[in-house]
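Let's take a walk through this structure together, one stop at a time. Keep the picture open beside you as you read.

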Amino acid sequence: MLLYNSLSRQKEVFVPADNNRGVQMYVCGPTVYDFAHLGNARAMVVFDVLFRVLQKRFGKVTYVRNITDVDDKIYAASCAQNCSVADIARRFEDEFLADMRALSVLDPTHAPHATEFIPQIIAMIDTLIHKGAAYEAEGHVLFSVSHFPTYGALSRKSQEELLAGARVDVAAYKRHPSDFVLWKPSEGNWPGWNSPWGFGRPGWHIECSAMSSHYFGSTFDIHGGGIDLIFPHHENERAQSCCAYETPEMARFWLHNGHLTVQGKKMSKSLGNFQTVRELRKSYHPEILRYALMTAHYRQPLDWTADLLAMSRQVLNRWYRALAHTQILFWEPDIEIEETLVSPAVQDLVDEFDTALDDDLNTPLALQKLNKMIQEMQGQDVRMVARCGHELGLFYQSAETWFHSSKEDVEDIEQKIQERQVAKTARDFQRADAIRKELQQRGIFLEDSPQGTTWRRG
C-alpha cells in the first residue's frame, strides 16, 4: 500500500510500525462552533475511506478523531447566541455527528474532547518548560521555535514565510515572532482552568499533541487533516511533540486532503457560496454528497458545482437501478462471499479496484472500476460489488429505499410543478423552463400531457 507523505513529499510504502498494535491514525476533528461545511465533510469522508481501506488491508486500526470544544470561536458564538460555551459545543457536536453519520462516515475508535484532557495538556506544557522548549511570559506560555531546528520542514516554508505567518499574532512578550502559544490567560467570562501559570486555557495546537500521545505515545503511524492545517497547526504539533518526547518524528506519515472550491472560488460567507452539509441534505441524498466528494483524488482540489451533483445523482440512480434487479440484500453490512462464484471478469475488476485504493487512495479510479463491475455483474457478483461499494461507504440501503421520496421531498416537487404551471399560464416560459431545469438537476424529470404534468426520478 502506497501513501503520499506530506513530510517527504513522495509516495511511500505503508505498513504499521507494530503489527501487534495495528494501524494508529489520528485525524484532526471539528471545532464545534457552527454547522459542518463542505470542507469539513471532504476531510471526514477522505479519512473515513482510508479507515475502511486500512481495516480491510491490516485488520486492527485504532482511529482517533478529536473534538475541539474549547476555542475562541466557540466563546464568540456563545456570546452571540447568549448561551454557555458548553451548550454551543454540545449542540454543534451533535449536529456534526448527525451530518457525518448521514454521509456514512464511521465513528472513530476514540473521539476525545479537548476539555477532558486539561491535566494532560498542563503536564505536557510543564515538560516543555523543563526541557527549555517553552517559556512563561505575562501569564502566557509559549513554545520556542528556535529550540526545534527542523521547524518548517513539514510545511516547507522559508523563514520569511514563517515570519509572515507569525505576524498575525504579534505580541511584545514573545522572544521570537514565530513562537506560538501553549497556554493563555482567561479573564471575565472566558472559559478557563487553574494551572501553574494562572487561570487560563490551552492553545489550539497543544490539545492535539496531548490527546494523540495519550492514545499512541510519542510516535504513531498516520496523522491526517486538511491541507490548510499543515501550517501552522500540524507544524506546531510536530514541533512540540518531538521536543516533549525527544523523538525525531511525531507521526511516520502525514496525510492532507486538498482544498474544496465552489464554482471555482474559495468557499466563504462573504462571497455567499458557503455551503453546509445540513443545508445540502435538504436537497440531496447524503450518498450523492459522499459520491461527489470522492470524484477527485483526495490530494487534488475539488470544485463543487451543480453539474457535479447532477452527475453524481445520475450515476447512483443508474447503479441502484442495476442493483434493484437482484434479490440479494446488498445493503447489509456483513456480506459473505463465496469467492469461487465470482465471475472472472468481475474478479479482475475487483483486483483493479483494490490496486486503485492501494495507490494513495485513488477513489476516482476506484469508482470507475466499481462502475464497470456493475455493468459486468451477474449472479453472485452482486455480493462482491456490494462489498466494494461498502469500502467506499456506498450501498447501505435497498434500491427501493433509494428511489422512495420522502414526504417533504414530494411536497416540494409538487409545489415546483405548481409554480411552473402558474408561470406557463402567465406565458413566462423562461421561468417555466428554469423550474424544469432545476428539477432535472435534482434528478426529477417532468412529463407533460393533456391530463397534466407527472414526474419521475431519472
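This is a predicted model: local features need pLDDT of at least 70, side-chain atom pairs count only at pLDDT 80 or more; totals for chains, interfaces and linings use all residues.

Residues are numbered from 1 along each chain as its sequence is written, and side-chain values use heavy atoms, with hydrogens and water left out.

Start with helix α9, residues 286-293. Helices here are DSSP runs (H or I, at least four residues), strands are too (E, at least two), and both are numbered from the N terminus. In α9, 8 of the 8 residues are buried, so the helix is largely enclosed by the rest of the structure. Its buried residues run from P286 and E287 through I288, L289, R290, Y291 and A292 to L293.

Next, look at helices α11 (residues 344-358) and α12 (residues 363-376), whose axes come within 8 Å and cross at roughly 170°. Those axes are lines fitted to C-alpha atoms, for helices over the stretch in contact, and angles run from 0 to 180 degrees between N-to-C directions. Angles under 35 degrees count as roughly parallel, over 145 as roughly antiparallel, 65 to 115 as roughly perpendicular and the rest as oblique. The two helices, α11 and α12, are therefore roughly antiparallel to each other.

E352 is partly exposed at 34% relative accessible area, whereas K369 is buried at 14%.

The whole structure has 27 salt bridges. Another of them pairs K56 with D354, their closest N and O atoms being 3.2 Å apart. Here the partners sit 298 residues apart, K56 in helix α1 (residues 38-58) and D354 in helix α11. K56 is partly exposed, with a relative accessible area of 37%, while D354 is buried at 16%.

Finally, E419 forms a salt bridge with R431, with the closest N and O atoms 3.4 Å apart. E419 lies in helix α15 (residues 407-425) and R431 in helix α16 (residues 429-441), so the pair ties together parts that are 12 residues apart in sequence.

Methods. Buried means under 20% relative accessible area, exposed over 50%, partly exposed in between (1.4 Å probe, protein chains only). A salt bridge is a side-chain nitrogen of Lys or Arg within 4 Å of a carboxyl oxygen of Asp or Glu.
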